[in-house]
Amino acid sequence: MFVTRRCSSLLSAPAANAAHDASDAEALPVEDDESPNAGSFSPGQLACDLVFHASLPISWRLQGARVLPFFASQFEYLAVGNRANTYCYKSKDAIFYIMFSVPELPQADKDDKEASVKSAELRIDVYGLGYPSEEITEKFIQGVEARLAKQTLDALSTQLVTP
Amino acid sequence: MLLAISQPKETTIQYVYEQLTQQSGVATRFSRPLSFVYTKKGTAYFLDQLVREPVGPFKLARSDAVTYVVSGPRLPSAYDASISALSDSAEKGFPPFWLMLTVRRSTLHVHFFSSLLSEAQQKTLIDNLFLVVDQLVERVNQIILLEMVHKILENNCVLTKVAIRCLSQDAAVPS
């Protein structure tokens with residue numbers, strides 16, 4: 001069984017609209033018989049800088065809303081339990097947290113059905129204390145890209161066999 | 001300049017530290033509260049990070065009881081009367097001051113002495129030091145929080161490594 005990772009609200013403030021995120025697990029645990037001084041800090045005060053980001057186009061054959069749950073199941077072993085679509089990755093002794101999102105499209109694009117399917121994208125934001133290695137900027141991103149392509153093919157296959 | 005020796009002995013450091021802390025009127029003392037998410041762990045990481053690599057313009061070393069500066073920033077010397085003395089000491093590779101640090105009860109204590117630096121230069125130096133200390137404290141807290149997010153059982157580590165290898169193989173397959 002996986003031991004779920006928990007992220008402190010000092011490192012990443014919970015999303016205002018995500019009720020399930022604001023749980024009692026925000027409290028820091030006692031470590032080595034020492035209680036935390038979390039009260040000295042405000043939520044998000046110790047957030048890391050955005051050190052890398054990538055945007056991958058989402059095919060119009062793949063519904064944008066299904067992409068994030070798909071990666072949540074694919075990367076369960078990296079998932080941060082109390083932050084939706086957030087993953088933790090250790091690379092060369094440096095730890096990063098990675099947030100996946102599908103940015104909302106502007107209203108004008110939403111009205112134009114063709115434009116909305118074309119411009120949907122998966123955004124990957126990497127936060128940490130230094131620039132990540134190739135393991136993240138290339139291998140990880142290529143892995144995500146390959147899975148996105150496979151998911152698109154699966155969606156296409158389903159559409160072809162379903163009358 | 002007793003600290004100019006490349007690897008000063010513990011007794012030398014101790015002697016300088018005693019001079020700075022016990023002789024009244026010798027050194028200027030400053031203190032800075034340190035705020036860590038976990039005090040014990042934060043203090044240990046902080047002391048470790050101080051000497052691991054240069055902290056801003058400062059390079060520090062540690063003896064058993066005290067951390068001391070072995071090189072500092074280049075200071076503006078236009079308004080200083082002892083330019084030549086400053087340049088001499090800088091060329092010889094040691095700073096024209098003594099600066100020793102200790103951490104007690106979540107507070108950084110700084111003991112400072114220089115007969116060569118002007119008051120303005122001393123202020124610049126200490127302001128500079130506190131700036132990099134604050135940055136380092138923030139970094140230490142971030143490291144602790146990142147480690148907590150990543151903290152998992154050994155089994156998970158093995159599974160993660162396997163999964164990452166699979167991920168790389170996926171990427172190698174042409175789509």
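Start with B:V110. It is buried, because 20 other C-beta atoms lie within 10 Å. Burial here means 20 or more other C-beta atoms within 10 Å of the residue's own, with C-beta atoms placed from the backbone; 12 or fewer is exposed, and in between is partly exposed. This is a predicted model: local features need pLDDT of at least 70, side-chain atom pairs count only at pLDDT 80 or more, and totals for chains, interfaces and linings use all residues. Residues are numbered from 1 along each chain as its sequence is written, with chains lettered from A and ligands numbered from 1 in the order in which they are written.

Show the strand around B:V110: β5 of chain B, residues 107-113. Helices (H or I, at least four residues) and strands (E, at least two) are DSSP runs, numbered from the N terminus.

Next, select what B:V110 touches. Leaving out residues up to four places away in sequence, the partners are B:R29, B:F30, B:S31, B:L99, B:L101, B:I126 and B:L129. Contact means C-beta atoms, placed from the backbone, within 7 Å.

Now select the largest nonpolar core, 66 residues. Such a core is a set of buried Ala, Val, Leu, Ile, Met, Phe, Trp, Tyr and Cys residues joined through C-beta atoms within 7 Å. Those with the most contacts inside it are A:Y87, A:Y97, B:L145 and B:V149. Helix α4 of chain B (residues 119-150) gives the most to this core, 11 residues.

Zoom to B:L145. Beyond four places in sequence, B:L145 touches A:S8, A:L10, A:L11, A:L46 and B:V37.

Finish on chain A. Trace β-α-β-β-α-α-β-α along its sequence. Of the 163 residues in chain A, 27% are buried.

Definitions and conventions:
Two residues are in contact if their C-beta atoms, placed from the backbone, lie within 7 Å.
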